[in-house]
Amino acid sequence: IHCAASRGYSECIKLLVQNGCMPYAKDYRGWSAAHFAAEAGKTATCRVLYTLGAPMDHADRWGFRPSDVARVYGHTECLKYLRQIEGELRTKREKQKTGRKSQSVDWDREDPADWRSFVNIEWGNPEFEGGGASGVYIPYLMT
């Protein structure tokens, strides 16, 4: 999906997502498909990614959002669109904070312990690594 986004292949991205590709996937740097589309100045591809649920305002490992990437590479049309989307997403989040509590997943969490509520993990197995009341607890995934 990242390669398709960098080349502006919007139809290919739609097919990939329809067949199971995750639009919120990130590479080792934390770049999403939106970062790659912004780097290449592909505004139409950014629009498609947004409609498919891709994260348009998530930062990479160094704190750069897709709009920052578009600004660095001088893609003003793409930058304008991404800033507009960031504003809409910020407004949505503010409404959620004032309204009922949302159960959405924050994909940029730093503390792995926070994932306990989203992944079926049992903390401490008495039959593994000396677990128990006085043993060391090691997390493991339940099947």
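**Reading a predicted helical and stranded model**

Author: Leaving out residues up to four places away in sequence, Asp68 touches Gly63 and Arg83, where contact means heavy atoms within 4.5 Å. This is a predicted model, in which local features need pLDDT of at least 70 and side-chain atom pairs count only at pLDDT 80 or more, while totals for chains, interfaces and linings use all residues. Residues are numbered from 1 along each chain as its sequence is written, and side-chain values use heavy atoms, with hydrogens and water left out.

Reader: Where is Asp68 found, and why does Asp68 count as buried or exposed?

Author: Buried means under 20% relative accessible area and exposed over 50%, with partly exposed in between (1.4 Å probe, protein chains only). Asp68 counts as buried because its relative accessibility is 15%. Asp68 lies in helix 5, residues 66-72.

Reader: How many helices and strands are there in the protein?

Author: Helices (H or I, at least four residues) and strands (E, at least two) are DSSP runs, numbered from the N terminus. The protein has six helices and two strands, and from the N terminus on the elements run α-α-α-α-α-α-β-β. Of its 143 residues, 31% count as buried.

Reader: Which residues touch the most other members of the largest nonpolar core?

Author: A nonpolar core is a set of buried Ala, Val, Leu, Ile, Met, Phe, Trp, Tyr and Cys residues joined through side-chain atoms within 4.5 Å. In the largest one, which has 22 residues, Ala5, Cys46, Leu49, Met56 and Leu82 touch the most other members. At least two residues of this core come from each of helix 1 (2-7), helix 3 (33-40), helix 4 (43-51), helix 5 and helix 6 (76-98). Helix 6 gives the most, with six residues. Beyond its neighbours within four places in sequence, Leu82 is in contact with Ala38, Cys46, Met56, Pro66, Ser67 and Ala70.

Reader: How many aromatic pairs does a search of the whole structure find?

Author: A pair of aromatic rings is described by the distance of the centres and the angle of the planes. Rings of Phe, Tyr and Trp (its six-membered ring) pair if their centres lie within 6.5 Å; planes under 30 degrees apart count as stacked, over 60 as edge-to-face and the rest as tilted. The search finds one pair. Trp31 and Phe36 form this edge-to-face pair, 5.1 Å centre to centre with 75° between the planes. Both Trp31 and Phe36 are buried.

Reader: Which charged end sits over the ring of Trp31?

Author: A charge sits over a ring if NZ of Lys or CZ of Arg is within 6 Å of the ring centre and within 35 degrees of the ring normal. Here the charged end of Arg29 sits over the Trp31 ring, 4.5 Å from its centre.
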